There are 2 protein chains.
Amino acid sequence: MIPRPRLLRHLSGSYELTSGAIVSGPAELAGAVLAALPGLDLRPGDAGAIDLRLDPDLGPEAYQLVVGSRGVEITAGGRAGAFYAGQTLHQLLPDGSYRFSPGASWSVPGVRVEDGPRYSWRGLHVDVARHFFPKREILRLIDLMAVHKLNRLHLHLVDDQGWRVESRAYPLLHEVASHRPRTASNYYHEPESYDDLPHGGYYTLDDLAEMAAYARAREVVIVPEIDVPGHASAILAAYPSLGPTGEPFEVLDRWGISPAILSPLPPTVEFLTTIFDELIGALGETPYFHIGGDEVVLDHWAASPEIDAYRESLGMSSMGPLHAWFLRRLADVLAERGSRAVVWDEAFVSGELRHDTVVMPWRGMEVGRRAAAAGHDVVATPVFPLYFDYAEAASPDEPMAIGDTITVADVAAFVPAPDGWPDEERSRIIGAQAQLWTERIPDARTLDYRTWPRACALAEVTWSGSSGADFTERLEAHLGRLDALGVEYRPSDGPRPWQRRRPHRPGVIPVAAVMERLDHSTHDAESTRPSV
Amino acid sequence: MIPRPRLLRHLSGSYELTSGAIVSGPAELAGAVLAALPGLDLRPGDAGAIDLRLDPDLGPEAYQLVVGSRGVEITAGGRAGAFYAGQTLHQLLPDGSYRFSPGASWSVPGVRVEDGPRYSWRGLHVDVARHFFPKREILRLIDLMAVHKLNRLHLHLVDDQGWRVESRAYPLLHEVASHRPRTASNYYHEPESYDDLPHGGYYTLDDLAEMAAYARAREVVIVPEIDVPGHASAILAAYPSLGPTGEPFEVLDRWGISPAILSPLPPTVEFLTTIFDELIGALGETPYFHIGGDEVVLDHWAASPEIDAYRESLGMSSMGPLHAWFLRRLADVLAERGSRAVVWDEAFVSGELRHDTVVMPWRGMEVGRRAAAAGHDVVATPVFPLYFDYAEAASPDEPMAIGDTITVADVAAFVPAPDGWPDEERSRIIGAQAQLWTERIPDARTLDYRTWPRACALAEVTWSGSSGADFTERLEAHLGRLDALGVEYRPSDGPRPWQRRRPHRPGVIPVAAVMERLDHSTHDAESTRPSV
């Protein structure tokens, strides 16, 4: 069973696809099909098992796939379409084809598929700041995303707890801000405790270039995030002069929202411009660049006479609009470099953004609709049901999570742009993205557990526009592939014994209560958030 | 600089090798070169940049490589030789060629290389029992081994602390014996403490088949180890009736040598025969199969009237020879299946083994020489300098290790079969292997730290017969490649801040003292070892 192509008809007959088979057609499309079926050792050639044709009228990500007794025919709207046709062809093969199995031969059932994505942004966000994940884990995640036709990898590269990328211009960022001596291990209001294990790591600019090229070959765009002006403890630990007070900070070793904030004055803009140049220089073409804007505690700005004078010189009545102005300024810098800014929804609530800035409404789709109505492109990122750091069950067996409950069925039931919304709003919802915040995800094995199979449901929602109740019928097909791919997903009946880790505290932070609180906060542009 | 080919001459001129270049010659050899240079997107064809020729007279792993201004010529003794020629060619390219870099073009300096390995067994051992490492980490380790021309991956699949492979015949092995609820975190004689994190995991038989095929394509042979009759807590937790007493056991949650032992009676041989069949069935051709035989506490055998009667019925005067008899019996079972048994050195000291059984002298090369003199093939595995779970420096900055000190220079200085030994002994030393016991290696990032760059030195020793003092001149070239490969190795000046983990206790277990104690113990066949 194929997960959710737009139109699928079963045809009579089948085709025997063997390792080493020939792919013919335009070189770029053939390369995409080869990349989609890496274990099959396909080869480009003049005429063969898989025949490719380009039809730009279909749209760049769309394709038609016909499997008959004489072979496979693919018509693709562009390289991406050919890549996705290859992925759908792969889904028609047995699960074993997702393993390394040289010399194998697979029987492909006859089908006719006409397919293309509902949304252009099919995203996963990974917070590599709270816990660092080495390059190899990111490359593997890109492989898994590609299999699921997900196409945006949003890397949260800095937060209070760490800075994760080399800077040749500001080397203290990777030398000082990339590690902390210990990490909080208590759960919310339990007595403070720490693990006494140093944690850290960073990507070199060469690593970033490699990750971007690897992603591009799999039709995934890396969206870097430098989260400013808040969440600044790590940056200020390296360069305290970028803060409003100049006071020293340390890379934070506990969770929560810190008062650490960058100054909005020109030296900060200059600093960030240099960082943008370094990152874009490494990444290559960078259509989107996330600049954060969330959970900003503006107290230190308000307390600074210099910043207050600057605000007044810009003719602004309060610090909220200055926050929006600062992000607008950075978005202008990015636009000069060919990148569109992306922000969390607080930035939209604070004041006017650049018109082409993309908004991520994490506090719920109400604020997302307001951003869409104001003309912004919007990527649906609401805590419920797209914060995958929440537990999938309210059970003491569940590994410790930020809260509960978000089930795989909750994700499958999500509709980013419901039919009932006005067309102006619906047309601005360009996709959806799951968030993997990693305060409670200390390592790659736990990342697997939190991500899958919920990301399978997200893939269906973003590709097909909805997944719905029949997702559960397709879940087994998804899990078979994940097994072959070696993904340590969460089984439907709960964690395996060794996945339990530290016991969960059911109901301590129920996601419904979180959503209610967040929805309220989006109505108040000046609301500051609790500090650590 | 190329690490240690046997004969290297620099020629004038160079050749520009571009991504997508054509490899011509016998299909199997071409496939090997493609596998050795995966990032270069080479293609098989009729005439091209790399021209291959087979010359079986060279020996299966040997090759000649000539790079001139008109292209690359490789003459290989077999598929392995072509694969290693490809690896040497790769080493001639800049470090960036070890990254994913499609469309790149590399200038290769003119050279003439005549090369072949000194030893046929160039091994790494990983203890996946004390801590489990998911399939993806094993596949990556195979990639790293291949780059270094290492060719034997010894997987220690069971120990007191866990059983790591699916069994369809004995499912409690993977259901019950594959996990423990907690793990000791104290250092030797410190007060007992535990981490309260469940730990576990296992490979399915399909995973094992995939790992073996992946390894074979990279000229690496997987050597499975089912360590018997000692180290049996996990097996007995699943099937207590296989023990001499039938008493219940639990998967061990702390380190040290346990008294848990399998009975040597026929039901155990039958059980292990079934396990061998399952594993060999999955792995495919399995030239070597390790059956352990180390650190056996024979007390429970001696206390069992049934086993004592069995010993007497076999005409043996004590339990030591029964230990050797048991392993000989298993080696016969393996021989019928086309596999040679491999054992740790205690088994050799206990009594007579099958003549074709390979011995691994972990307690030092003295016992290794005795095994060689007795006609056994021997793989050098002495604690010093090949136990990579020992720290590389006696420094409190070093992450906690089993003891100290084994430096990268110690490994480089190791000579498996010194010139001064008699030829009968030298000719029986078929190679060397580093051991990664994982009591103090809880995760993949720490595994990287302990393995590299010491495994680079091991690779030179096993390929060239020695590495020596000039290794340090080549170390930078090794580290550049490891950086590109994303390996989190130990820097020459000590751990990075986030690699420190829990502080080391310098000198608590000095390796010199360990070696002295071990050497003494090898002279006493009946010596039992301290229990937990």
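Modeller: Two strands count as a pair if DSSP finds at least two bridges between them. The helices (H or I, at least four residues) and strands (E, at least two) are themselves DSSP runs, numbered from the N terminus. Do keep in mind that this is a predicted model: local features need pLDDT of at least 70, side-chain atom pairs count only at pLDDT 80 or more, and totals for chains, interfaces and linings use all residues. Residues are numbered from 1 along each chain as its sequence is written, while chains are lettered from A and ligands numbered from 1 in the order in which they are written.

Biologist: Thanks! In which sense do β2(B) and β4(B) pair, and over how many bridges?

Modeller: The general idea is that strands of a sheet pair through backbone hydrogen bonds, either parallel or antiparallel. In this case β2(B) and β4(B) pair in the parallel sense, over two bridges, with Val23(B) opposite Ile50(B) in β4(B). Strand β4 (residues 50-54) of chain B also pairs in the parallel sense with strand β6 (residues 71-76) of chain B, over five bridges. Along that pair, Leu52(B) stands opposite Ile74(B) and Leu54(B) opposite Ala76(B).

Biologist: What is the order of the strands in the open sheet of chain B?

Modeller: There are seven strands with mixed pairing, in the order β1-β7-β5-β6-β4-β2-β3. At the edges are β1 (7-18) and β3 (43-44) of chain B, each pairing on one side only. Helix α1 (residues 27-36) of chain B packs on the sheet, touching β2 (22-24), β3, β4 and β6, and its direction makes about 130° with that of β4(B). Helix α2 (residues 79-92) of chain B lies across β4, β5 (63-68), β6 and β7 (105-115), at about 35° to β5(B). Such angles run from 0 to 180 degrees between N-to-C directions, with axes fitted as lines to C-alpha atoms, for helices over the stretch in contact.

Biologist: At what angle do α5 and α7 of chain A pack?

Modeller: Helix α5 (residues 205-217) and helix α7 (residues 266-283) of chain A pack at about 50°, with their axes 7 Å apart. That makes α5(A) oblique to α7(A); angles under 35 degrees count as roughly parallel, over 145 as roughly antiparallel, 65 to 115 as roughly perpendicular and the rest as oblique. Among the residues in contact are Leu208(A) of α5(A) and Leu279(A) of α7(A), where contact means C-beta atoms, placed from the backbone, within 7 Å.

Biologist: How many residues does the contact take from chain A and from chain B?

Modeller: It takes 30 residues from chain A and 30 from chain B. On the side of chain A, the largest share, six residues, comes from α5(A). Of the interface residues of chain A, 100% are also interface residues in chain B, so the copies meet through the same surface.

How values were computed
Two residues are in contact if their C-beta atoms, placed from the backbone, lie within 7 Å.
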